[in-house]
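Here is a briefing on the structure shown below. Take it topic by topic, with the model in view.

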Amino acid sequence: MKTAMTQATYWPILLVGAALALLPLVLTTNATLNFLTFAMIITLAAQGWNIIGGFGGQFSFGHAAFFGTGAYAMALLQVRFAINPWLALPLGTALGGCAGGIIGYLSFRARLRGSYFALVTLAFAEILRIVANAWGFTGAAAGVLVPLRLDPVQMQFNDRRIFYWLALLLVVIVLGASRAIMRSRFGAQLIAVRENEDAARALGVNTLVAKLSALIISAAITAAAGALYTQKFLYLDASLAYGSWISVDALLGAIIGGPGTVFGPLIGTIVLLGLGEVTKTLFAQLTGGALPGVDLVAFGVLLIICVAFAPRGVIGAVRGAVGARSATP
Amino acid sequence: MLKLDIFLSGLANGLLIGAVYALISLGLTLVYGVLHIINFAHGATLTAAMFAVLIAHSVFGIDPYLAILVLTPLFFGLGYAAQRFVISPASHGDDSNGLLVTLGLSIIIENALLAIFRSDTRSIDVAYAFSTVEIGNLFLSLPRMIAFAGAFAVSLALWLVLARTDTGKAIRAVAKEKAGATLAGIDVDHIYAVTFGLSAACLAIAACLLMPTFLVNPRIGNSFVLVAFTIVVLGGMGSIAGALIGGLFIGVVESLSGLYFGESLGQIGIFLIFILVLLLRPTGLFGARA
């Protein structure tokens, strides 16, 4: 019975993973491969956001703090300390988790929630951005370049598909982990905190520990996305690593796909980036030149439409439509 | 003696800009006090207002100070409409939805301005931009002194509206006890929208007062609004007196720390104050206990 249930719970993840793994065999141009890899990196960041924002209901507006920490750790450990990237990736992930632990401990202990939590996370990300932009160790305004060494040992591959598969592997692992969290006691506690924190505390849930653990896991996942970003583009500066763009993308991916669901961040990010590409191409054809920012305007419109008409995201809307159809005789 | 002069001029300039910060923060704190959401589109609205001043000046040849007469009602209407027809229906009365919808609006406004005006930094050219007034040993910028006086006048006017008019009474009633206000026959949706309108109108005036001496680009609002968040948190969410005193204080801190530690570290000082207040006393110095 239990195995049957476990199989039923995890096989969609493997199926989706396998389908995505086959994509590069069909879509072979460099541009599509770069797009897919970028989409996987942002998905990973959104999956991280989803743990604390989707399951735990604590909306962070500053996940750039963790993305940037992972990204800078990946770059600086290689450039300044000659550490191999295969080791730097888990180290960067762990450092991101630490950042999550510190920020989470300070803000949850002060009982910040709602607007206040959103603000304090935003402020931490901004401080880190200003420091990274001014400090010589992080390359200041010039940024950091990771030297090009096309060698699998250096996590740099001649074949672009391999890096895509690496990013996809992490996404699939987090899909599985999200499912495991959802089914666990910890997941139930998080959802209780999201629905009614005071009631959860009254029922004996240690809400501080639940929220803090969720933010640490969340931050670590988003930091891993940052580390992959560094290794994909081999260049980093303060506004790429700690800029508000990634806080917004991570949040949008999860909210648009379906906050608090396993597949939400993946679906949301693909919808979001796909919409961005379509809008950019469309406007470029209409106006005869690239128009900066139009894709982000579309993101903002999509966010408001989602909040207004599909509060459970794309997944919720699809489930609702399917449910309504099967309910009609 | 010279050192004292530098200090005094830093102090005076801090107070001058602080009054404008206070004006920008007033709208933010008013909306929070009444609707209990942080309006993340506040900065983008300020940017939009600054571009409106730019257009009024460069296309229609309207002086920034005269533009107050046109832009204040215009932005009141825009703020009213945004709350009534977008934010309120989209957020279904849920606070976290309000956060997301205003974030969405801010992304739309900021990037629409980026698409139209590109990322170039622009300014307007008025004859009095560099006029100064001599007070003792200090030379103070005339437009900034006008901004200081204007910011105080608007704050006083806003306070009078809240304290003396029926609408003001209704706003205060809704802020204190929404259900009771509804029972007393107050149209809460209308009052929410009026509050948003007042907030946007304050930003329009702030933009008119700022433009003679400041530059504008599509992201300029962010730098002001992060300062405004700090002021609002410091002064206590929803407190008008807190926003005024907080604004002057942050203006002085920014000016003096910029003077002694350089500009980028001066910014960090503001964020540190912000985080410390949030962590140690989230109700702010003047806010009611949460």
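A residue is buried if 20 or more other C-beta atoms lie within 10 Å of its own, exposed if 12 or fewer, and partly exposed in between, with C-beta atoms placed from the backbone. This is a predicted model, in which local features need pLDDT of at least 70 and side-chain atom pairs count only at pLDDT 80 or more, while totals for chains, interfaces and linings use all residues. Residues are numbered from 1 along each chain as its sequence is written, and chains are lettered from A and ligands numbered from 1 in the order in which they are written.

**Two loop residues of chain A**

- A:Ala140 is partly exposed, because it has 15 C-beta neighbours inside 10 Å.
- A:Ala140 sits in the loop between α5 (115-134) and β1 (144-145) of chain A. Helices (H or I, at least four residues) and strands (E, at least two) are DSSP runs, numbered from the N terminus.
- The phi of A:Ala140 is positive, about 45°, although the residue is not a glycine.
- A:Met155 also lacks the glycine label, yet has a positive phi of about 55°.
- The loop between β1 and α6 of chain A holds A:Met155. This residue is buried, with 22 other C-beta atoms within 10 Å.

**Helix α7 of chain A**

- Which residues of helix α7 (residues 185-195) of chain A are buried? They are A:Gly187, A:Gln189, A:Leu190, A:Val193 and A:Arg194.
- Seen down the axis of α7(A), these buried residues fall within an arc of 160°, so they line one face of the helix. The arc is that of the directions from the helix axis to the C-beta atoms.
- An α-helix has 3.6 residues a turn, so residues three or four places apart point the same way.
- On the other side of α7(A), A:Arg185 and A:Glu195 are exposed.
- The cover over the buried residues of α7(A) includes α2 (30-55), α6 (160-183), α8 (197-202) and α9 (207-233) of chain A.
- A:Phe186 belongs to helix α7 of chain A. With 17 C-beta neighbours inside 10 Å, A:Phe186 is partly exposed.
- Leaving aside neighbours within four places in sequence, A:Phe186 is in contact with A:Ile181, A:Ala210 and A:Ser213. Contact means that the C-beta atoms of two residues, placed from the backbone, lie within 7 Å.

**Chain B as a whole**

- Chain B has 11 helices and 2 strands.
- Its radius of gyration is 19 Å, close to the 19 Å that the globule rule gives for 290 residues, so chain B is as compact as a globular protein of that length. The radius is taken over C-alpha atoms, and the rule is 2.2 Å times the number of residues to the power 0.38.
- Buried residues make up 52% of the 290 residues in chain B.

**Helix α8 of chain B**

- In α8(B), 20 of the 23 residues are buried, so the helix is largely enclosed by the rest of the structure.
- Leaving aside neighbours within four places in sequence, B:Ala207 is in contact with B:Leu46, B:Ala49, B:Met50, B:Ala52 and B:Val53.

**Where the chains meet**

- 34 residues of chain B are in contact with 32 residues of chain A.
- On the chain B side, α4(B) supplies the largest share, 15 residues.
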